[in-house]
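The sequence and the structure are shown first.

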Amino acid sequence: MSAADLSAFIATQPEARARDCEALVALMQRVSGHPPRLWGRMVGFGQHHYVYDSGREGDTFEIGFASGAGGKGDLSLYLDVGAFAAESEPLLARLGKHRQGKGCVYLKRLADVDLAVLEALCAAAVRHKRA
């Protein structure tokens, strides 16, 4: 992915969401040590190969996010928090206003959360994927 591709993606977002996307790119790149890559409508960092018990396998990113419905929905952070619940739950309790699913954390805006806690959560997700 070129910087122009990422810039074009961010430029499609409303102004406040674009700032949040830029901040997430910086945070996730710093934590993962990998540049951003567009995976369809998602921005991912690093690469992770998985194999299910069924034998199905594939590749995905270590951590990433999606802006959601052209910037009108929630920010979806793909951190696989359910896979390392013992470590993620105390961080999620301190994160701030969010919702969560099995693997994702959903935010309305970055201003609603503690960015230091979010960075620690992203770092934990990367450690889990690399273990």
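Predicted model: local features only at pLDDT ≥ 70, side-chain atom pairs only at ≥ 80, totals over all residues.

Six strands make up an open sheet with antiparallel pairing, in the order S1-S2-S5-S6-S8-S7. Strand S1 (36-39) and strand S7 (99-100) are the edge strands; each has a single partner strand, so one side of each lacks a neighbour in the sheet.

Within this sheet, strand S6 (residues 75-78) is paired with strand S8 (residues 104-107) through four bridges, in the antiparallel sense. Leu75 has Leu107 of S8 as its bridge partner.

Strand S3 (residues 48-51) and S4 run antiparallel and are joined by four bridges.

The buried residues of H2 are Arg17, Ala18, Asp20, Cys21, Leu24, Val25, Leu27, Met28, Val31 and Ser32. An α-helix has 3.6 residues a turn, so residues three or four places apart point the same way. Just after H2, Gly33 has a positive phi of about 80°.

H4 consists of 16 residues and covers 23 Å from its first C-alpha to its last, close to the 22 Å expected at 1.5 Å a residue. The N-terminal end of H4 is capped by Asp114, which has a side-chain oxygen 2.9 Å from the backbone nitrogen of Ala116. In H4 the buried residues are Val117, Leu118, Leu121, Cys122, Ala124, Ala125, Val126 and Lys129. Their cover includes H2, S3, S5, S6, H3 and S8.

## The nonpolar core

The largest nonpolar core has 33 residues, and the members that touch the most others are Met28, Phe65, Leu77, Leu79, Leu95, Val105 and Leu118. At least two residues of this core come from each of helix H1 (3-11), H2, strand S2 (42-45), S5, S6, H3, S8 and H4.

Not counting residues up to four places away in sequence, Leu95 touches Val105, Leu107, Asp112, Val113, Asp114, Val117, Leu118 and Leu121. Among these contacts, Val105 and Leu118 are also listed with Leu95 as core members that touch the most others. Leu107 is the residue that bridges to Leu75, and Asp114 is the residue that caps H4.

## Salt bridges

The whole structure contains eight salt bridges. In one of them, the side chains of Arg30 and Glu119 meet at 2.9 Å, N to O. Arg30 belongs to helix H2 (residues 15-32) and Glu119 to helix H4 (residues 115-130), so this pair ties together parts 89 residues apart in sequence. Glu119 is partly exposed, at 26% relative accessibility.

A salt bridge also joins the side chains of Arg130 and Glu62, again at 2.9 Å, N to O. Because Arg130 lies in helix H4 and Glu62 in the loop between strand S4 (57-60) and strand S5 (63-66), the pair ties together parts that are 68 residues apart in sequence. Arg130 is partly exposed, with a relative accessible area of 45%, whereas Glu62 is buried at 7%.

Lys129 and Asp80 form a salt bridge in which the closest N and O atoms are 3.7 Å apart. This pair links distant parts of the chain, with Lys129 in helix H4 and Asp80 in the loop between S6 and helix H3 (85-95), 49 residues apart. Lys129 counts as buried, at 17% relative accessibility, because the cut-off for buried is under 20%. Asp80, at 28%, counts as partly exposed. The phi of Asp80 is near 55°, a positive value in a residue other than glycine.

Elsewhere, Asp74, Arg99 and Lys108 are linked in a network of salt bridges.

Note on methods: Residues numbered from 1 in each chain as written. Heavy atoms only, no water. Pairing = 2+ DSSP bridges. Salt bridge = Lys/Arg side-chain N within 4 Å of Asp/Glu carboxyl O. Buried < 20%, exposed > 50% of the residue type's maximum accessible area, 1.4 Å probe, protein only. Core = buried A, V, L, I, M, F, W, Y, C linked by side-chain atoms within 4.5 Å. Contact = heavy atoms within 4.5 Å. Expected span 1.5 Å × (residues − 1). Polar contact = N/O pair within 3.5 Å; in protein donor to acceptor, adjacent residues only side chain to side chain.
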